[in-house]
Amino acid sequence: MKYEINQNQCGFLMRHGRFVKMLFGGTYHYLKAAGYDVFIEEMDGAVRFGKIPKEVLLEDKEFADKVLNVIVPAGFIGILRKNGTPQTCLTETEYLFWNQWKQYDVVLMDMQQPEMEGEVSKAYLAIIPLKYYKKIEIQPGEMGLLYYNNQVVKELHAGTYYYWLYSKDVTGRIVDLKSHSLEITGQEILTADRIGVRINLTCTYRIVEPRRMIETIRNLENQIYVCVQLIIREYIGRYRLDELLEQKEEISGFIFKRLKEVEGEYCVEFQNAGIKDIILPGEIRDIMNTVLVAERKAQANVITRREEVASTRSLLNTAKLMDENKTLYKLKEMECLERICAQVGNIQVSGGGALLEQLKNIL
């Protein structure tokens, strides 16, 4: 039987199921009746012929010279490169690759130590399955804690880190060190005179002991929320409603002072705290508005009476001066005539006599 083998191909010559030798580019004739058979394969990528154990094939020098035999030890992972370019990740123990027309090589990476050595190429990471490593990314303003098998190993600062998962379980806890704002709205609290008011508060804090916070506190924001609730209830319950409304600023100062006293328990630093709104019940608000309107009306009446008294006193003083000084009286009389004339369109004079005397008679 005739067999044609191209330059980029090879043939495995078999007789009665046993490997005889390798055949390369050319034309060959073998009798099937004599038990011969030839299997042809492209010499590119992995060796796919599996009818013969690779140990037997590697004993053939021609075959061994044209292949790359890869052995990946336990605890290692391989990166197959073709002409220097990463192609695939090797996780099995042994591989055979044709190394005739394209040059293959393998980079072995040790996974026995969790921390990846050196700067890991992004091209390598793109082909390594995620189940083999863990990526921990710390943003600016954050801090991370690295754990091996749930034990703290070290602190991580801003950057990107990669760890193998072969020998240990690797986890990372990330803590945001920037300032946090906590809004506490609609707190229903009774004053000393048993009036229910609703309080809206705000506070700002930042974490200053991240490691102790992670180890001792679960759900930090909820715990701070409850702490502020208890502090405001402690203060509001001491005062009557009118006293409370008069000292809104003092409430904010008290809350901030009490928070500064307990900040060490929560591993934080409180930066500010205060009251945003005090919301009264509807009926109390209506009463307060009525009282306010009445106060403003009373103040307006007092001002009006004061001005009336001042005006009357001024008139009295003017009358006394006019009574004592005839010339001043005449000037005042002329001012009145001037004002009257300013409002008159036409003046008709009849008969004799002086004009001023006639106007005086009209008045």
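**Sheet, helix and aromatic contacts in a predicted model**

In strand E3, Leu23 is the bridge partner of Gly11. The model is predicted: local features need pLDDT of at least 70, side-chain atom pairs count only at pLDDT 80 or more, and totals for chains, interfaces and linings use all residues. Residues are numbered from 1 along each chain as its sequence is written, and side-chain values use heavy atoms, with hydrogens and water left out.

Strands (E, at least two residues) and helices (H or I, at least four) are DSSP runs, numbered from the N terminus. Two strands pair if DSSP finds at least two bridges between them. Strand E2 (residues 9-15) is joined to E3 by five bridges, and the two run antiparallel.

Rings of Phe, Tyr and Trp (its six-membered ring) pair if their centres lie within 6.5 Å; planes under 30 degrees apart count as stacked, over 60 as edge-to-face and the rest as tilted. Phe39 and Phe49 form a tilted pair, because their ring centres are 5.3 Å apart and their planes lie at 40°. Phe39 belongs to strand E5 and Phe49 to the loop between E5 and helix H1 (54-58), so the pair ties together parts that are 10 residues apart in sequence. Phe39 is partly exposed, at 27% relative accessible area, whereas Phe49 is buried at 11%. Buried means under 20%, exposed over 50%, and partly exposed in between (1.4 Å probe, protein chains only). Tyr95 and Phe97 are stacked, at 5.9 Å centre to centre and 15° between the planes. Both are buried. One aromatic cluster is formed by Phe12, Phe39, Phe49, Phe63 and Trp98.

Helix H5 (residues 220-236) has 17 residues. From first C-alpha to last, H5 reaches 25 Å, close to the 24 Å expected at 1.5 Å a residue; the expected span is 1.5 Å times one less than the number of residues. Its buried residues include Leu220, Ile224, Cys227 and Ile231. Among the elements covering the buried residues of H5 are strand E16 (180-190), helix H4 (210-216) and helix H7 (248-262), where contact means heavy atoms within 4.5 Å.
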